[in-house]
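This report is meant for a reader who is meeting the structure for the first time. It begins with the chain as a whole and then turns to individual places in it.

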Amino acid sequence: MSDLPLDQVRTLLAVVDEQSFDAAAAVLHVTPSAVSQRVKALEQRTGRVLLLRTKPVTLTESGQVLIRFARSLAQLEQDALAELGLGSSTRTLSIAVNADSLATWFLPSLAHVPESLGICFDLQREDQDHTAALLREGLVMAAVTASPQPVQGCTSSRLGRMRYRAMASPGFVERWLSKDPLPASLPQAPVVLFDRKDDLQDRFLRALTRRRTFTLVRHYIPASESFADAVAAGLGWGMVPEIQAAPRGDALVDLAPDRPLDVPLHWQQWKLDSPALAAVAAAVAEGANQALR
């Protein structure tokens with residue numbers, strides 16, 4: 001094999017981005033049969049299975065390699081056309097970011113990216129401990145992640161620390177936490193979690209108590225602002241970002257002022273000489289410098 005047919009590579013990227021053969025066909029203005037034939041031809045050419053035909057489709061490890069190539073190629077093509085004044089004046093950047101950053105400092109940072117670059121943002125929300133996987137799979141080109149270790153083919157730079165505090169409403173404190181010391185009462189109290197990947201509350205409890213088992217009364221609220229609202233409403237206690245808790249004033253009580261939990265955040269991006277990607281990285285770094293510790 002001497003080369004990779006670009007129409008087949010672009011078709012594979014469309015299938016992954018649109019999550020189905022039919023949707024990719026609509027974007028590419030061809031039939032679903034043509035999409036299937038191109039992907040099959042690429043698999044035959046590489047001698048590898050690239051996609052699992054699930055709903056949505058799933059990349060194999062070999063497919064991830066080709067998707068990283070396809071996305072890099074698409075970005076370089078967009079940058080070149082923009083510099084030449086040809087083709088579309090917009091380009092798309094896919095970025096993975098955790099919910100708390102997305103709800104606080106990240107979007108204002110993107111607002112400082114020059115409009116003249118014509119960047120369209122495709123944001124994927126994921127826990128900071130799992131965003132690196134989206135980079136590895138080729139689904140995004142950059143990510144806010146908890147991991148300082150760069151994914152293969154990426155660079156990594158430190159953004160700062162997002163500080164969380166164990167918070168609860170005054171009424172919740174009176175009802176659940178007023179009779180016994182915090183290490184004894186908090187593990188038995190209802191707790192609010194973002195989702196089943198969220199381990200901040202358990203991490204705080206393990207540091208506080210050295211125990212491994214805690215309450216079974218767990219409320220899952222998978223939206224950053226609604227999470228803080230649920231804590232303020234007395235549904236349970238939870239780890240709320242300091243920059244989210246401050247504006248709520250007396251509606252939230254800091255349960256352990258001397259025990260903040262800091263989550264280091266890093267910016268990882270593909271090693272790609274792209275003016276658009278460089279501009280976004282600079283804006284994100286500046287925003288993090290102002291908002292994070």
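## The chain as a whole

The model is predicted, and the values in this report should be read with that in mind. The protein chain holds 13 helices and 11 strands, and its C-alpha trace spans about 70 × 40 × 30 Å along the principal axes. Of the 293 residues in the protein chain, 46% are buried. The accessible surface of the protein chain comes to about 14500 Å², and carbon and sulfur atoms account for 53% of that surface. Among the contacts in the protein chain with a separation of 6 or more, 73% are made by residues 24 or more positions apart.

Gln19, found in the loop between H1 and helix H2 (21–28), has a phi near 70°, which is a positive value in a residue other than glycine. His29, found in the loop between H2 and H3, likewise is not a glycine and has a positive phi of about 60°. Are these two residues buried, partly exposed or exposed? Gln19 counts as partly exposed because its relative accessibility is 33%, whereas His29 is exposed, with a relative accessible area of 72%.

Pro56 belongs to the loop between strand E1 (51–52) and strand E2 (58–59).

## Salt bridges

A search of the whole structure finds 15 salt bridges, and the table lists some of them with the separation of the nitrogen and oxygen atoms.

| Salt bridge | N to O distance |
|---|---|
| Glu242 and Arg165 | 2.9 Å |
| Arg218 and Asp202 | 2.7 Å |
| Glu225 and Arg248 | 3.1 Å |

The side chains of Glu242 and Arg165 meet in a salt bridge. This pair links distant parts of the chain, since Glu242 is in helix H12 (residues 242–245) and Arg165 is in strand E6 (residues 154–168), 77 residues apart. Glu242 is partly exposed, with a relative accessible area of 22%, while Arg165 is buried, with a relative accessible area of 15%.

Arg218 forms a salt bridge with Asp202, and here too the pair links distant parts of the chain: Arg218 is in strand E8 (residues 218–220) and Asp202 is in helix H10 (residues 200–209), 16 residues apart. With a relative accessibility of 24%, Arg218 counts as partly exposed, but Asp202 is buried at a relative accessible area of 16%.

Glu225 forms a salt bridge with Arg248. Because Glu225 lies in helix H11 (residues 224–232) and Arg248 in the loop between H12 and strand E10 (253–254), the pair ties together parts that are 23 residues apart in sequence. Glu225 has a relative accessibility of 40% and so counts as partly exposed.

Salt bridges that share partners also join Arg165, Glu242, Asp254 and Arg293 into one network.

## Places on the surface

Leu81, Leu84 and Leu86 form a nonpolar patch on the surface, and together they have about 280 Å² of accessible area. Of these residues, Leu81 has its place in helix H4 (residues 61–84), and because its relative accessibility is 31%, Leu81 counts as partly exposed.

Gln152 lies in the loop between strand E5 (142–145) and E6, and Gln152 is exposed, with a relative accessible area of 72%. Gln152 and Ala99 are 53 residues apart along the chain, and their C-alpha atoms are separated by 24 Å.

How values were computed: Residues are numbered from 1 along each chain as its sequence is written. This is a predicted model: local features need pLDDT of at least 70, side-chain atom pairs count only at pLDDT 80 or more; totals for chains, interfaces and linings use all residues. Side-chain values use heavy atoms; hydrogens and water are left out. Patches are made of residues with over 30% relative accessible area and no salt bridge: like charges are joined within 9 Å, nonpolar side chains (Val, Leu, Ile, Met, Phe, Trp, Tyr) within 5 Å. Accessible areas come from the Shrake-Rupley method with a 1.4 Å probe; for residues, only the protein chains shown count as cover. A salt bridge is a side-chain nitrogen of Lys or Arg within 4 Å of a carboxyl oxygen of Asp or Glu. Helices (H or I, at least four residues) and strands (E, at least two) are DSSP runs, numbered from the N terminus. Buried means under 20% relative accessible area, exposed over 50%, partly exposed in between (1.4 Å probe, protein chains only). Contact means heavy atoms within 4.5 Å.
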